[in-house]
Amino acid sequence: MGKSNKTCPLCGRIMKCQFNGLQHCKCGISWIRDEGFFERTPDMIFCLKRVKKGKGPHTKQVPEIRYRSRELSAESSPEKKHKKSTETE
Ligand SMILES: [Zn+2]
């Protein structure tokens, strides 16, 4: 931690880092890498998603925004059934 935290464009406070690449401000503004600043809504859920990084066994975690209402309909996705494969870190 203690990385370069963003400054909120709305109120000027230092934003709090939740995950690498995801920061929040108390006033309701958040920042996500690659997309920039956005306003949080109550149905947003923030989680980490593992993505493969290049070739080889390395994965990195990237923040992902999910929405409660949409999450329900995505529940039937067969991908969710995947068991966690053995991961070495
Ligand atoms: Zn703010």
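Two strands are taken to pair if DSSP finds at least two bridges between them, and the strands themselves, like the helices, are DSSP runs numbered from the N terminus, with at least two residues (E) required for a strand and at least four (H or I) for a helix. In these terms, the bridge partner of His 24 in S3 is Ser 30. The structure is a predicted model, in which local features need pLDDT of at least 70 and side-chain atom pairs count only at pLDDT 80 or more, while totals for chains, interfaces and linings use all residues. Residues are numbered from 1 along each chain as its sequence is written.

The protein chain contains one helix and six strands, and its elements follow the order β-β-β-β-β-β-α from the N terminus on. Of its 89 residues, 9% count as buried, a residue being buried if 20 or more other C-beta atoms, placed from the backbone, lie within 10 Å of its own, exposed if 12 or fewer do, and partly exposed in between. Among contacts between residues at least 6 apart in sequence, 21% join residues at least 24 apart, where a contact requires that the C-beta atoms of two residues, placed from the backbone, lie within 7 Å.

Four of the strands form an open sheet with the order S1-S2-S3-S4 and antiparallel pairing. S1 and strand S4 (36-39) stand at the edges with a single partner strand each, so one side of each is left without a neighbour in the sheet. Neighbouring strands of this sheet are turned by 30° against each other on average, direction ignored, with the axes being lines fitted to C-alpha atoms (for helices over the stretch in contact) and angles running from 0 to 180 degrees between N-to-C directions.

Within the sheet, strand S2 (residues 22-24) and strand S3 (residues 29-32) run antiparallel and are joined by three bridges; Gln 23 stands opposite Trp 31 in S3. The two strands form a hairpin with four residues between them, and Gly 28 in the turn has a positive phi of about 110°.

The hairpin of S3 and S4 has three residues between the strands. Asp 34, placed in the loop between these strands, has a positive phi of about 80° although it is not a glycine. Most residues other than glycine have a negative phi. Asp 34 is exposed, because 7 other C-beta atoms lie within 10 Å.

The segment before strand S1 (16-19) includes Asn 5, which counts as partly exposed because it has 15 C-beta neighbours inside 10 Å. Leaving aside neighbours within four places in sequence, Asn 5 is in contact with Ile 14, Met 15, Cys 17 and Gln 23. The C-alpha atoms of Asn 5 and His 24, which are 19 residues apart along the chain, are separated by 9.7 Å.
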